[in-house]
Amino acid sequence: AGSLFSIMIIALHVVLTQWGRTYNEEFESYHDFEHLPGRLLMGFRILCGLLLVICTVQTRNKCKLQHLHKFYVKVAIVGFAW
């Protein structure tokens, strides 16, 4: 299930990226907010970031090793920012 989810994420990203490039030939135009694929791609990235934070916080809360708690917070912050 995890590998299928990963493949679906990659496929959606590729489709939205290529669809966005049909509006403009410049390489970096795929994530513009000026067209629907760009807005969908940015929304998708934000959704993935929120999902990362939720899963990381749940993992942190279940973790019994106190020295890993700070690590999970850092992973959530850096992962969402990226």
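Predicted model: local features only at pLDDT ≥ 70, side-chain atom pairs only at ≥ 80, totals over all residues.
## Helix α1

Helix α1 covers residues 2-21. Its 20 residues reach 29 Å from the first C-alpha to the last, which is close to the 28 Å expected at 1.5 Å a residue. L16, T17 and G20 are buried in this helix. These three lie on the same side of α1, because the arc they cover around the axis is only 100°. An α-helix has 3.6 residues a turn, so residues three or four places apart point the same way.

The other side of α1 carries the exposed residues S3, L4, I7, M8, I10 and V15. The partner against which the buried residues of α1 pack is α2, residues 36-62.

Together with Y23, L36 and L40, W19 makes a nonpolar surface patch of about 390 Å².

## Helix α2 and T56

Helix α2 has 27 residues. From its first C-alpha to its last it reaches 39 Å, close to the expected 39 Å at 1.5 Å a residue. The residues P37, G38, L41, F44, G49 and T56 are buried in α2. Both α1 and α3 are included in what covers them.

T56, placed in α2, has a relative accessible area of 8% and is therefore buried, the limit being under 20%. Leaving aside neighbours within four places in sequence, T56 is in contact with Y72, V75 and A76.

## Helix α3 and G79

Helix α3 is made of residues 69-81, and G79 is found in it. G79 has 24% relative accessibility and so counts as partly exposed.

What does G79 touch, not counting residues up to four places away in sequence? The residues are L52 and K74. G79 and L52 are 27 residues apart along the chain, and their C-alpha atoms are separated by 7.2 Å.

## Summary

The buried residues of α1 pack against α2, while the cover over the buried residues of α2 includes α1 and α3.

Technical notes
Residues numbered from 1 in each chain as written. Heavy atoms only, no water. Patch = residues over 30% accessible without salt bridge, like charges linked within 9 Å, V, L, I, M, F, W, Y side chains within 5 Å. Areas by Shrake-Rupley, 256 points an atom, 1.4 Å probe, with all protein chains shown as cover. Salt bridge = Lys/Arg side-chain N within 4 Å of Asp/Glu carboxyl O. Helix = DSSP H or I, 4+ residues; strand = E, 2+ residues; numbered from the N terminus. Expected span 1.5 Å × (residues − 1). Buried < 20%, exposed > 50% of the residue type's maximum accessible area, 1.4 Å probe, protein only. Arc of directions from axis to C-beta. Contact = heavy atoms within 4.5 Å.
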